[in-house]
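Hi,

Here's the structure I said I'd pass on. Have a look at it first, and then read on for what turned up.

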Amino acid sequence: MVAYVLRRLVAAVVLLFVVSVVTFAIFFLVPRIAGATAEDLASRYVGKTAGPEQLKEMADKLGFDDPLYVQYGRFAKGLVAGADFSTGPTVEHCPAPCFGYSFITQNPVWPDLVDRLGVTMSLAAGAAIIWLVVGVSIGVLSALRKGSIFDRGAMGVALAGVSLPIFFTGLLALSIFAYNLGWFPPGGSYTAITENPGQWAYDLILPWITLAFLYAAAYARLTRAGMLETMNEDFIRTARAKGLVERTVVVKHGLRYALTPIVTIFGLDLGLLLGGAILTESTFSLPGIGKYAVDAVTNNDLPKVLGVVMLGAFFIILANLIVDITYAVIDPRVRLS
């Protein structure tokens, strides 16, 4: 088990290195291939009104004329150990992980991401608990009652949940439950859990349910398909022949082996959401990573976009690592592969 975990850790580190190379290439190499000069890249940092001398000076200061491997080394060093930026009379130190300074606010990107990470983590964690419990439960019941009214109704609702986009269900939920009935606060309300846990949950309950509705539908269909396949296996019939209680047969033997694809998709979905639930946060005006990314793209704020991309990649890699370790717990045969 220890060797298996170490292999996965090494693979995660290598993958994170590859992601950093690809990300650097997208933001710095691809524009060069498209014909951009060092001065064109520097214009993003000084504005469009700067003259040729200012552009040349900024390009030299930022090292855009250096070989690409030197630029990547500087970029990687900033992620690991931080970087120093000359502002003229003084030198500003950007602590690791350093993604640079925002073009608009002139603030370092990493503290901004940390400030908004709590909102995104709260949204993702609450919604994940709801969709996992509800989706898996409905999928198991639908599989055990195949062809029943409950099965047909649940799968019909699941199909609607998968088909309807979050910006439609989110706006519809706001219109009905927030503005008409007044049961929940309108979009834009958020209270940190450390300040008031009750208000924190109240502010996020509607975004949780709306986001969970989309994912629970997919999980219900996936769980149902897995359970239908698993419950027809020989080891299930053997367990029943041994006289085991039906609940034990379903949960310990059937559901456990049907959870493998669920664990896979759950890790990926949660990793993606931690990197920014863009549509949900934009719909409910939540100040999280997703809305931060939208504002960065709208304002063409390159350091912010770079920070969001790297943070999202980190969470996805971390989620995959946890999924691999969870596989070994659920199915010991994975440890030998």
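A quick word on classes before the rest: Ala, Val, Leu, Ile, Met, Phe, Trp, Tyr, Cys and Pro count as nonpolar, Asp, Glu, Lys and Arg as charged, and the others, Gly among them, as polar. Also keep in mind that this is a predicted model.

With that in hand, take the second largest pocket. Its lining has 13 nonpolar residues and 1 polar one, with no charged residues. That lining is made up of 14 residues, and Leu16, Leu79, Pro97, Met310 and Phe314 are the ones that lie nearest the centre. Helix 1 (2-33), helix 4 (68-81) and helix 13 (302-330) are the elements that each give two or more residues to it. The space inside comes to about 350 Å³.

Next, a pair of helices. How do helix 5 and helix 12 lie relative to each other? The axes of helix 5 (residues 109-144) and helix 12 (residues 289-298) come within 8 Å and cross at roughly 135 degrees, so the two are oblique to each other. On the helix 5 side, Val109, Asp112, Leu113, Arg116, Leu117 and Thr120 make the contact, meeting Ile289, Gly290 and Tyr292 of helix 12. Sorted by class, the residues of this contact are 5 nonpolar, 2 polar and 2 charged.

One last stop is Ser285, in the loop between helix 11 (278-283) and helix 12. Ser285 isn't a glycine, yet its phi is positive, near 55 degrees. Its relative accessible area is 35%, so Ser285 counts as partly exposed.

Cheers

How values were computed. Residues numbered from 1 in each chain as written. Predicted model: local features only at pLDDT ≥ 70, side-chain atom pairs only at ≥ 80, totals over all residues. Heavy atoms only, no water. 1 Å grid on protein atoms, 1.4 Å probe; cavity = no way out; pocket = protein on both sides within 12 Å on 5 of 7 lines; lining within 4 Å. Points joined across faces, edges and corners; volume = space filled by probe spheres on them. Helix = DSSP H or I, 4+ residues; strand = E, 2+ residues; numbered from the N terminus. Axes fitted to C-alpha atoms, helices over the stretch in contact; angles between N-to-C directions. Parallel < 35°, antiparallel > 145°, perpendicular 65-115°, else oblique. Contact = heavy atoms within 4.5 Å. Buried < 20%, exposed > 50% of the residue type's maximum accessible area, 1.4 Å probe, protein only.
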